[in-house]
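Dear colleague,

I am passing on the structure below, and would be glad if you could look it over before reading my notes on the ligand and its surroundings.

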Amino acid sequence: GKGSYDHYMLKEIHNQPTSLANTVEGRIEDDGVSLTELDTFDGVTDVQFVACGTSYHAALYGARLLNAAGVRARAFRASEYGTADPITDETLVVAVTQSGETADTLGALERAEAEGARTVAVTNVQGSTVSREADETLLVRAGPEIGVAATKTFSSQVAALCLLGHRIGEDVTGDLPWDDPTTFFESLRSLPENVREVLDGDRAHELADRYLGSEAFFFIGRGLGYSVAVEGALKFKEITYEHAEGFASGELKHGPLALVTPQTPVFAVFTGTDDQKTLTNAKEAQTRGAPIVAVAPEGHPAVDAADAHLPIPDTDPALAGLLANVQLQLVSYHTANLLGRSIDKPRNLAKSVTVE
Ligand code: M6R
């Protein structure tokens, strides 16, 4: 049951320190990764991620981590995969799906297998269709998720894709997605306590209240922060039914800025990739009257410039986005709650989408 929580979504948000600990349990040792369920990736030339919705946003995160390790990698929306780049037998296709039953993702996997790719499923459900169809499976181990909105499964997918990114980097290029593995592993071990710090300091309720009734809600970020911006916006629209969009920070001035008014708060995610540029982009919106909410560590230059601040603990840049996303989960939840929405079962949506 929901225990003392009003909604499964809130319970699942608060379960993240535990679910993340489960995801990494037994898979990190000293400064290395142990994923014995997966064969070596030696010989892989490129990686294609296929996924939908929130899992697609985790896949964007994963692809960018691999790029940082010098590996050619790209994330595809599974429903658009038919028109994608060619596959060779040295292509690794990674299907990311919480449920393991999403028809679009299974369709993309089928195409990949028909064309001879090696396939890995990253899923939360042991024995799901995806894990039966793919060559190999990496379980994210977030535990069952009841709320239609994906929360703890996204965090665990990101953590699992960090581990996978480490292994693929080691095997394919010999490079890692992080500049300093020691700092990365320290941050990975501190992830549960860092998430707890965000949850304990929940200030999102006050912000949700302040911006209630706005015309639209925008989310911007770059690099890993871009995946978080689009995920923040998806969660927001899914459970609040309000208009929300996520943009690459640098794209704002190429069109979306025309939408910005004092009635459109902008949540700017700072994860350490060209933050100075994102701050400039946020200020462009602020000049048009939009309130800026900086999702950033204490002491970050964005904090003084912004109208409001959602703090994240200091951590490795690879994991800052995960923590920022927890703040955005809380903003969505509190806004939906103030609006009296059907948070665990939003209108028109199903937990598992088994039609194409
Ligand atoms: O089970 P999957 O991860 O394959 O589901 C994919 C999407 O349908 C899912 O992430 C959806 O976008 C969520 N309800 C968003 O919160």
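**Ligand contacts and surroundings**

In this predicted model, an N or O atom in the side chain of Thr 97 lies 2.6 Å from an oxygen atom of the ligand, while for Ser 99 the distance from a polar side-chain atom to a ligand oxygen is 2.7 Å, and for an N or O atom in the Lys 235 side chain it is 2.8 Å. Of the 410 Å² of accessible area that the ligand has on its own, the protein covers 91% (Shrake-Rupley method, 1.4 Å probe).

The shell around the ligand has 14 residues, with Ser 55, Thr 97, Ser 99, Thr 102 and Glu 238 the closest. Helix H3 (53-68) and helix H10 (224-240) each supply at least two residues of that shell (helices are DSSP runs, H or I, of at least four residues, numbered from the N terminus).

As for confidence, the protein chain has a mean pLDDT of 97, with 100% of its residues at 70 or more (pLDDT is the predictor's confidence in each residue, from 0 to 100), and the complex is given an ipTM of 0.99 and a pTM of 0.98.

Residues are numbered from 1 along each chain as its sequence is written, and side-chain values use heavy atoms, without hydrogens and water. Local features need pLDDT of at least 70 and side-chain atom pairs count only at pLDDT 80 or more, whereas totals for chains, interfaces and linings use all residues.

Methods
Near = heavy atom within 4 Å. Polar contact = N/O pair within 3.5 Å; in protein donor to acceptor, adjacent residues only side chain to side chain.
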